[in-house]
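I opened the model to look up a few things and wrote them down as I went. The entries are in the order in which I took them.

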Number of protein chains: 2
Amino acid sequence: MSTDVDLNAVRTFVAVADAGRFQDAATDLSITQQAVSKRVAALEKDLGVRLFTRTARGARLTVDGQAFLPHARELLRAEERAAASVRPGRRALRVDVIGRKLAPAALLRDFLRAHPSTELDVVTLHDVEAAVTAIRSGTIDASFRAVAMPGRPLPDDIRATPVHDEPLQLLTGPGHPFADAPAVAPAELAGHRIWMPELPPGTEWAAYYADLAAAFGLSIDVVGPHFGTEPLPDVLADSTTLATFVGELTRVLWPADYDLRRIALHHPTPVYPHCLLHHRDNPHPALAALREHLTRSGPERRLRGDEIWTPAWAHRTTP
Amino acid sequence: MSTDVDLNAVRTFVAVADAGRFQDAATDLSITQQAVSKRVAALEKDLGVRLFTRTARGARLTVDGQAFLPHARELLRAEERAAASVRPGRRALRVDVIGRKLAPAALLRDFLRAHPSTELDVVTLHDVEAAVTAIRSGTIDASFRAVAMPGRPLPDDIRATPVHDEPLQLLTGPGHPFADAPAVAPAELAGHRIWMPELPPGTEWAAYYADLAAAFGLSIDVVGPHFGTEPLPDVLADSTTLATFVGELTRVLWPADYDLRRIALHHPTPVYPHCLLHHRDNPHPALAALREHLTRSGPERRLRGDEIWTPAWAHRTTP
DNA sequence: CTGGTCGCACAACCGGCGGTTGTGGCTCGG
DNA sequence: CCGAGCCACAACCGCCGGTTGTGCGACCAG
């Protein structure tokens with residue numbers, strides 16, 4: 001019952017399976033034959049099955065041993081990948097995203113579909129400032145962020161590439177006044193309550209929504225603290241007054257019978273300008289592949305410049 | 001450098017990451033907070049990075065911790081799968097094949113392509129007798145074998161389904177007399193040397209080739225002992241007298257510049273009758289899926305009964 | 001500012017795990 | 001029948017990994 005597998009014992013098991021003899025595996029591992037025997041015996045006891053048939057000419061795998069062997073190798077590979085994910089230097093590409101359900105995560109999934117063999121680790125930092133610090137220190141390789149924060153220009157050694165302008169939509173329940181509208185202008189939302197879950201203070205996207213509210217006279221209800229997005233569909237479905245902003249590519253899951261509506265915004269359309277930040281001198285090959293993929297699929301700009309809205313501080317600076 | 005990861009420490013790391021506090025993880029794991037602290041510290045020392053930032057309100061993942069977490073979960077899943085592969089009762093489907101490069105392995109790959117979520121373990125037993133014993137004892141669930149051995153009928157509780165009649169081909173180097181023949185009759189091979197690698201005595205396929213040789217007056221050179229099939233292409237490529245039999249679906253890999261030839265056999269075509277053996281009462285759902293897949297794709301019988309040759313003892317008995 | 005509380009780290013202690021050496025039993029080959 | 005090869009068992013012991021007890025820093029209420 002207890003899934004207590006000792007990786008050292010597994011390594012020893014694989015060594016014996018490859019060598020065919022306890023003795024040879026012992027010399028390979030630089031331990032005594034008795035230690036190998038003990039480890040294998042302990043593993044067999046843990047698993048509850050015999051892995052080898054001991055003969056006078058060595059050890060041969062039992063049926064259980066044959067079945068276990070590929071899983072053992074996979075287990076050791078998983079261990080190696082896990083250790084490699086935090087190994088300083090030559091580790092997998094590490095990219096920061098705002099959240100795992102937002103547009104950057106979708107772009108990364110798209111990239112992984114095109115380059116399946118890429119090793120990629122996804123993390124989430126607090127804000128673009130922390131991301132820039134992490135990029136400069138080598139902690140992460142790249143970051144999907146709005147390009148700047150109010151009054152904080154990017155350092156010289158950070159490159160920023162606009163990769164996606166994501167139109168915002170209004171998400172409402174079926175009883176909301178705009179539930180059946182084909183599109184809504186942001187100014188029409190003045191006076192309506194906008195429900196926003198958990199906007200961490202000091203982040204560039206909290207600043208984004210604050211600017212958005214100020215620009216169109218919206219009143220944003222920050223519900224919190226820290227309830228996340230989980231109760232969002234429940235609240236919206238039953239409310240005739242609350243609505244929320246969601247990115248076009250943002251995944252929001254709700255039960256099939258909830259009938260929530262995504263209402264387009266226009267005149268102007270608020271867009272969130274996702275950029276890829278990375279260090280000027282980062283030589284990681286996967287980073288080059290990611291940049292190439294993102295620029296090839298290209299930032300979609302279906303809207304004219306005067307039909308969209310972004311905060312003044314967020315206008316892209318690096319071509 | 002030493003990839004020595006303690007799975008218990010990894011489990012503890014995941015527990016802390018989920019709980020958010022060392023204290024809570026400790027109660028979850030039924031150990032003291034100090035033990036959790038020690039385990040995490042040891043893991044951090046092994047990996048060489050800090051995984052948590054300790055705060056007065058608990059522990060939060062560092063960037064390295066965030067990157068490591070999914071690999072840690074995968075590592076634990078791999079451990080669980082490995083342990084489950086040998087767990088008595090409710091383990092993955094376990095199938096015996098003659099060899100991993102022969103037709104049954106190809107059929108299994110085909111099955112896995114159609115049912116990707118199936119957990120499948122492949123093993124190799126000595127002969128059909130051992131397979132029957134293993135099936136009756138529950139050690140394996142199914143076996144791809146020729147249906148019987150000379151004079152040994154199948155027990156009543158074993159079901160046999162013919163799944164593939166595999167035509168044999170002649171594999172030769174470019175200098176062999178038959179290298180450019182479109183097809184050869186087995187009787188034409190009388191007097192020629194047939195090279196067969198490592199035929200383990202007492203197996204049903206050794207009996208098959210012995211019968212084949214006797215039926216057509218062939219002289220089979222058993223090269224061995226136990227060199228396997230690796231040197232086969234090297235030997236054939238340089239020889240103008242040696243040839244070997246290979247199944248139509250058997251994978252034989254040789255360098256691109258070797259120019260080995262697969263020559264069809266006819267009048268009659270020797271076929272190897274692969275059957276699926278399994279226990280009458282085995283309720284494993286994946287076994288039903290495998291049988292359904294094999295009977296759907298069906299045993300290919302492109303040849304008339306009087307155009308093929310199989311040993312008399314191998315003629316299928318169960319419909 | 002200050003005392004209380006919360007949460008993690010450090011210290012001391014100790015039992016058992018996992019290594020070692022030494023030896024015995026089994027099988028196979030000559 | 002004997003010797004060689006290989007693995008298991010036994011005895012020993014250092015140290016890993018658990019425990020309890022305590023210290024220290026952060027946050028908060030008063």
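**Ground rules.** I am working with a predicted model, in which local features need pLDDT of at least 70, side-chain atom pairs count only at pLDDT 80 or more, and totals for chains, interfaces and linings use all residues. Residues are numbered from 1 along each chain as its sequence is written, chains are lettered from A and ligands numbered from 1 in the order in which they are written, and side-chain values use heavy atoms, with hydrogens and water left out.

**Chain A overall.** I looked up the secondary structure and found nine helices and 13 strands in chain A (DSSP runs numbered from the N terminus: helices are H or I with at least four residues, strands are E with at least two). The radius of gyration of chain A is 27 Å, well over the 20 Å from the globule rule for 319 residues, so chain A is more spread out than a compact globule. That radius is taken over C-alpha atoms, and the rule is 2.2 Å times the number of residues to the power 0.38. Along the principal axes, the C-alpha atoms of chain A fill a box of roughly 85 × 50 × 35 Å.

I then checked burial: 50% of the 319 residues in chain A are buried (under 20% relative accessible area; exposed is over 50%, partly exposed in between, with a 1.4 Å probe and protein chains only). Of the contacts in chain A with a separation of 6 or more, 75% are between residues 24 or more positions apart; a contact means heavy atoms within 4.5 Å.

**Aromatic rings.** I counted 16 aromatic pairs over all chains. Rings of Phe, Tyr and Trp (its six-membered ring) pair if their centres lie within 6.5 Å; planes under 30 degrees apart are stacked, over 60 edge-to-face, and the rest tilted. I noted Phe22(B) with Phe52(B), an edge-to-face pair at 5.8 Å centre to centre and 70° between the planes. Phe22(B) is in helix H2 (residues 22-29) of chain B and Phe52(B) in strand E1 (residues 52-55), so the pair ties together parts 30 residues apart in sequence. Phe22(B) is buried at 11% relative accessibility, and Phe52(B) is buried at 1%.

**His71(B).** What does His71(B) touch, not counting residues up to four places away in sequence? I listed Arg81(A), Ala82(A), Ser85(A), Glu119(A) and Asp121(A). His71(B) sits in helix H4 (residues 63-84) of chain B and is buried, at 13% relative accessibility.

**Gly175(B).** I placed Gly175(B) in the loop between strand E6 (158-172) and strand E7 (183-184) of chain B. Gly175(B) is partly exposed at 41%.

**His267 and Pro268.** I found a cis peptide bond between His267(A) and Pro268(A), with omega about -5°. In chain B, the bond from His267(B) to Pro268(B) is cis, with omega near -10°. Pro268(A) lies in the loop between strand E11 (261-265) and strand E12 (269-279) of chain A. Phi of His267(A) is near 55°, a positive value in a residue other than glycine, and His267(B) has a positive phi of about 55°. His267(A) is exposed at 52% relative accessibility, and His267(B) is exposed at 51%.
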